[in-house]
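Thank you all for coming. I would like to walk you through one model today, so please have the sequence and the structure open while I talk.

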Amino acid sequence: MKIRTILIATRRWLFCAGTALLTAAPCCAQVIHLGAIIRGDTARPEVALVFTGHEYAEGGEEILRVLEREGAPASFFFTGAFLEAYPELAKRAFEAGHYVGPHSDGHLLYCPWEDRQQLLVTRDSFQNDLRRNYQKLAALGIPSGSAPFFLPPYEWYNDSIAHWTAQEGLQLINMTPGTLTHADYTVPEAHNYRSSAAIWESLSRPPHLNGFLLLSHIGVGPRRPDKFYALLPRLIRWLRAGGYRLARVDELLQNE
């Protein structure tokens, strides 16, 4: 799959057929894949800590405490099911000044794993599901206008999903590939298991992390005792020591 880096020059998001339109403003290099922004400006030493949540939330209290203690902003993307199960946690994240946005209502799989160009959902089912997610955010006092970025469930999508997202007036985004932080949900008995030590080691693989959307999970369940979020204080200090500024996704992806 070809991932392309393009120049985006816009202060607001304008879309046609899932592709960003360019306007006259200072430009920056962002990475786009299948219509989704997967990396911010590669010339700026900024990183967004991104946490998704659907079924589990056992790391939520610790993550929020660490972020507050370290004075670090983060971005959270929650499904409707998560919002129903853990409403107070979502509200606290929003009230603490973090970005809180949608991750679909029912955590749908949009595309087959073996062929992402196919679809497992219709446009209507996609849009209805996403709108329910926003309705549940609004019910908690999190207005839709504060959450223009949508991160797809399973981090798996295609250009149709990006186009349908744009038709809702939103921008599809996804994690930046290159590290293993998203594998913090894997369990020891699985073939794809990655320990927290292996995940940490992967942070040094890319030449730099400029513009990274560094995704992990707010909870991973009882089958994984090795919780990567336990390393969050170390991660924040390591990033700052490396010269990176931590930013919310809406800050990371804005153009100045």
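Let me begin with a question: which side chain is joined to that of Asp 105 by a polar contact of 3.3 Å? Before I answer, please keep in mind that this is a predicted model, and that every value I quote has been computed from it.

The side chain in question is that of Arg 132, which a polar contact of 3.3 Å joins to the side chain of Asp 105. Asp 105 also makes a polar contact through its side chain with the side chain of Lys 136, and there the distance is 2.9 Å. If you want to find Asp 105 on your screen, look in the loop that runs between strand S8, residues 99-102, and helix H4. Is Asp 105 buried or exposed? Its relative accessible area is 9%, and because the cut-off for buried is under 20%, Asp 105 counts as buried. Once we leave aside the neighbours within four places in sequence, the residues in contact with Asp 105 include Thr 79, Gly 80 and Ala 81, and also Asp 129 and Asn 133.

Let us now turn to helix H4 itself, which covers residues 123-139 and packs with helix H5, residues 159-167, at an angle of about 55°, the two axes being 11 Å apart. That angle makes H4 oblique to H5, and the crossing in which H4 passes H5 is right-handed. On the H4 side the contact is made by Arg 123, Phe 126 and Gln 127, while H5 contributes Ile 161, Trp 164, Thr 165 and Gln 167. Sorted by class, this contact has three nonpolar residues, three polar ones and one charged one.

A polar atom of the Arg 248 side chain lies 3.4 Å from the backbone oxygen of His 98. Beyond the neighbours within four places in sequence, Arg 248 is in contact with several residues, among them Ala 48, Pro 73, Gly 97 and Tyr 99.

Finally, let us step back to the whole protein chain, which has eight helices and 12 strands. Of its 256 residues, 53% count as buried. Among the contacts with a separation of 6 or more, 76% are between residues 24 or more positions apart.

How values were computed
Residues are numbered from 1 along each chain as its sequence is written. This is a predicted model: local features need pLDDT of at least 70, side-chain atom pairs count only at pLDDT 80 or more; totals for chains, interfaces and linings use all residues. Side-chain values use heavy atoms; hydrogens and water are left out. Axes are lines fitted to C-alpha atoms, for helices over the stretch in contact, and angles run from 0 to 180 degrees between N-to-C directions. Helices (H or I, at least four residues) and strands (E, at least two) are DSSP runs, numbered from the N terminus. Angles under 35 degrees count as roughly parallel, over 145 as roughly antiparallel, 65 to 115 as roughly perpendicular and the rest as oblique. A crossing is left-handed if the near helix is turned anticlockwise from the far one by less than a right angle, and right-handed if clockwise. Contact means heavy atoms within 4.5 Å. Ala, Val, Leu, Ile, Met, Phe, Trp, Tyr, Cys and Pro count as nonpolar, Asp, Glu, Lys and Arg as charged, and the others, Gly among them, as polar. A polar contact is a pair of N or O atoms within 3.5 Å; within protein, one must be able to donate a hydrogen and the other to accept it, and residues adjacent in sequence count only if both atoms are side-chain atoms. Buried means under 20% relative accessible area, exposed over 50%, partly exposed in between (1.4 Å probe, protein chains only).
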